[in-house]
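Here are some notes to read alongside the coordinates. They are set out as numbered points.

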Amino acid sequence: MAHRELAGQIARYAERDGILDTSIPRLALVRSGQSGEPVHMVQRPALCIIAQGGKRVLLGNAVIDYGPASYLVASLDLPITGAVTQASADAPYLCFCLYLDPALLSEIALTLPPPSAAAADGAAMTLHPMTPELIDAATRLTALLGDPANAPLLAPLIERELLVRLMTGPGGGMLRAIASSESRIGQIAQAIAWLKAHFREPFSGPQLAALAGMSLSSFHDHFRRTTAMTPLQYQKQLRLQEARALMLADRLDAAEAGFRVGYDSPSQFSREYRRLFGAPPLRDIGRLRSPRAVSEDAHAWQVVSATHVLADLTLAPGEGVHDHLATARR
């Protein structure tokens, strides 16, 4: 019943397929009336709640299927690939996404006990069983889109309520730790911020480890544990997603797009592009531009650059990506 109420609110304000940035700061709604092709994006730190439908997400080597029973907390920016798997015109995929405000997280963290070392050292994406309190607060926040007079006063209160419940619930230790630059997750966050700002530039492992204030071996171990990929894999995802967006939006050719994102070798760019997107640049971009490939709204999802967001990812409840990968390897 609670999910149906949230789904009704999302459907009321998200009338078209795509990602809707709303009038409430940091609140986005996602709708899709059909299952579709994989979309490559960067997941920003967020709370994501699927009210209706399902999705499959690829993060590193992990393939994750999920639905409305759980909520996702993403603590860092991560390049992911996702596809809606359960949606129809009568029952569209509907998702609530609240991007996390670092300043507000830090303010709340000061009022809470520090997390244990174990709670602060895990995966940057975790999934937990949905609670009535979270669904209720998410529904009330979404409903404020229909009350513009009171939304500026009430929305910040409900946002704070949601963050307090996240930070005091399972997996909240990661959010409390992210507010501290001295925690492991805080140190990895500094390295990720550098990679996002300088993804066109070459880097060395010791350089990033020094930036994070960690030994090289510890840095690589924690980076992979947190993001499910190596720093080089992370950089490649950012580069290739941005190159694809440049070719689609600015109509650059493959050689120029590859050069713009940091590739000196067109052949290396083409190989790595094909490995990620399943086809060489010319064929992939031609397919995406074809009127038969996708609708106008779905096409807009493909054009989004590496600075935007895909709204969801789900694991087994309480399981981080690193745990999922470890289980898959056994």
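**Notes on the predicted model**

1. The side chain of Tyr13 reaches the backbone nitrogen of Gly146 at 3.1 Å. The model is a predicted one, and this distance, like the others below, is computed from it. Tyr13 is found in helix H1, residues 2–13. Its side chain also makes a polar contact with the side chain of Arg12, at 3.2 Å.

2. What else does Tyr13 touch, not counting residues up to four places away in sequence? The list comprises Leu20, Leu29, Thr142, Ala143, Leu145 and Gly146. For Leu29, which is 16 residues from Tyr13 along the chain, the C-alpha separation is 8.1 Å.

3. Two residues other than glycine have positive phi and deserve a look. For Arg26, phi is near 70 degrees. Arg26 sits in the loop between strand S1 (18–21) and strand S2 (27–32), and its relative accessibility of 31% makes it partly exposed. For Ala228, phi is about 65 degrees. Ala228 belongs to the loop between helix H8 (216–227) and helix H9 (231–249); at 8% relative accessibility, it counts as buried.

4. An open sheet of four strands runs in the order S3-S8-S5-S6, with antiparallel pairing. Strand S3 (39–43) and strand S6 (62–66) are the edge strands; each has a single partner, so one side of each lacks a neighbour in the sheet. From one strand to the next, the twist averages 30 degrees.

5. Within that sheet, strand S5 (residues 54–59) and S6 run antiparallel and are joined by five bridges. Leu59 has Ala62 in S6 as its bridge partner.

6. Strand S4 covers residues 46–52, and six of its seven residues are buried, so the strand is largely enclosed by the rest of the structure. S4 pairs in the antiparallel sense with strand S7 (residues 70–74) over four bridges; Cys48 is bridged to Leu72 in S7. S4 also pairs with strand S9 (residues 93–99), again in the antiparallel sense, over six bridges. In that pairing Ile49 stands opposite Phe96.

7. Which residues have the most contacts inside the largest nonpolar core? They are Ile49, Phe96, Leu141, Leu162, Leu166 and Phe219, and the core has 94 residues.

8. Leaving out residues up to four places away in sequence, Leu162 touches Leu47, Phe96, Leu98, Leu134, Ala137, Ala138 and Leu141.

9. Helix H2 (residues 102–109) has Leu104, Leu105, Ile108 and Ala109 buried. Viewed down the axis of H2, these buried residues fall within an arc of 135 degrees, so they line one face of the helix. An α-helix has 3.6 residues a turn, so residues three or four places apart point the same way. Pro102 and Ala103, on the other side of H2, are exposed.

10. The buried residues of H2 pack against helix H4 (151–168) and helix H5 (172–178). At the start of H2, a side-chain oxygen of Asp101 comes to within 3.2 Å of the backbone nitrogen of Ala103.

Terms used:
Residues numbered from 1 in each chain as written. Predicted model: local features only at pLDDT ≥ 70, side-chain atom pairs only at ≥ 80, totals over all residues. Heavy atoms only, no water. Pairing = 2+ DSSP bridges. Axes fitted to C-alpha atoms, helices over the stretch in contact; angles between N-to-C directions. Buried < 20%, exposed > 50% of the residue type's maximum accessible area, 1.4 Å probe, protein only. Arc of directions from axis to C-beta. Contact = heavy atoms within 4.5 Å. Polar contact = N/O pair within 3.5 Å; in protein donor to acceptor, adjacent residues only side chain to side chain. Core = buried A, V, L, I, M, F, W, Y, C linked by side-chain atoms within 4.5 Å.
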